[in-house]
Amino acid sequence: MLRPYVCDELAQLIDLGGAMTSLPFTFLGLDPTENGFDRSAVVVLPVPYDGTASYRAGAREGPEAVIAASREMEDYDLEMGCEPCSAGIHTAPSLEPYLASPQEMAERVKEAARPIARAGKLLALLGGDHSVSIGAALAMAEAHPGMSVLYLDAHADFRDAYQGTRWGHASAARRIAEACPLTLAGVRSMALEEAQALKAKGVRVFSGSLADEPWDAIVATLSHDVYISLDLDVLDPSVMAAVGTPEPGGLGWQPLLRLLRKVAEARRIVGFDVVELAPREGPAACAYTAAKLAYKLMGYATLVGKRA
Ligand SMILES: [Mn+2]
């Protein structure tokens, strides 16, 4: 079914069965005048694009579902004992997709992320299929020389090209790894071509559900500034069913939080993305889980971590 990329409040209520609320359609329902760009430490960039999805599409509806679910969330975080949103969370307008060329779409994301990166804001990109991370990571790497990327994904996304493009979700980690050091974690599925390329290029790979919690070993591969690209399919499908390409044997919710907190404690998180939520592929709880994960990352990055 064809749907507009940005649907109105009414469609939102019908689609997601969301509670009736008069909150603004921003992350957490925060007041946009109190959370303007200049006053906010965090900038949410919604990128409703799934032009390169190869299995189950629908990630174009991810950002909207995450923002809708975030409006049902409490501002207060029990673990941190405060309201992480007091740092200011600005929700930027949704980036308009460009469907004619995945490469130009990556460029468009990069241009949108650049001013956020240059202003020293914490970028919080909401996808979208995983191809949207390419432009975001490249813009962040430009603004933060020496930055490394922690790429959390059930799949390697390391094909040189797939289905006629080098800028799709299946090549996202490969394109990013050409620009900055990349660590792949939580991976449970890859092609032979990818296994060989990962080895040839010396990418650090932590595979499986990470049940032995190799957090220190993962952190040790990362430089001072870190960008986290988080494909929700890194979580086990029992926790996160609403993804385009579910893969068994993934991380649990708590282990993933422990990893993210470890990274925040030891490094400076300069930005992150949460991608691949395809809300129609799973229960509504998945959008809420994704929203909570994004908020946890905002809190860890701004409160727990190094800010210099
Ligand atoms: Mn991915």
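User: How many disulfides does a search of the whole structure find?
Analyst: The search finds 0 disulfides, a disulfide being a pair of cysteine sulfur atoms within 2.5 Å. This is a predicted model, in which local features need pLDDT of at least 70, side-chain atom pairs count only at pLDDT 80 or more, and totals for chains, interfaces and linings use all residues. Residues are numbered from 1 along each chain as its sequence is written, and side-chain values use heavy atoms, with hydrogens and water left out.

User: Is C180 buried or exposed?
Analyst: C180 has 7% relative accessibility and counts as buried. The cut-offs are under 20% relative accessible area for buried, over 50% for exposed and partly exposed in between, with a 1.4 Å probe and protein chains only.

User: And C286, buried or exposed?
Analyst: C286 is buried, at a relative accessible area of 2%.

User: How many of its residues are buried?
Analyst: In α9, 15 of the 20 residues are buried, so the helix is largely enclosed by the rest of the structure.

User: At what angle do α8 and α9 pack?
Analyst: Helix α8 (residues 253–266) packs on α9 at about 25°, with the axes 9 Å apart. Axes are lines fitted to C-alpha atoms, for helices over the stretch in contact, and angles run from 0 to 180 degrees between N-to-C directions. The two helices, α8 and α9, are therefore roughly parallel, the term for angles under 35 degrees.

User: Which residues meet there?
Analyst: On the α8 side they include W253, L256, L257, L260 and R261, and on the α9 side T289, K292, L293, K296 and Y300 are among them. Contact means heavy atoms within 4.5 Å.

User: Backbone next. Where is there a cis peptide bond?
Analyst: A cis peptide bond joins G127 and G128, with omega about 15°. G128 sits in the loop between β3 (122–127) and α4 (132–143).

User: What about the phi of L210?
Analyst: L210 is not a glycine, yet its phi is positive, about 55°. L210 is in the loop between β6 (204–207) and α7 (215–220) and is buried at 4% relative accessible area.

User: And E276?
Analyst: E276 also is a residue other than glycine with a positive phi, near 75°. Its place is the loop between β8 (268–275) and α9, and at 8% relative accessibility E276 counts as buried.

Note on methods
Helix = DSSP H or I, 4+ residues; strand = E, 2+ residues; numbered from the N terminus. Parallel < 35°, antiparallel > 145°, perpendicular 65-115°, else oblique.
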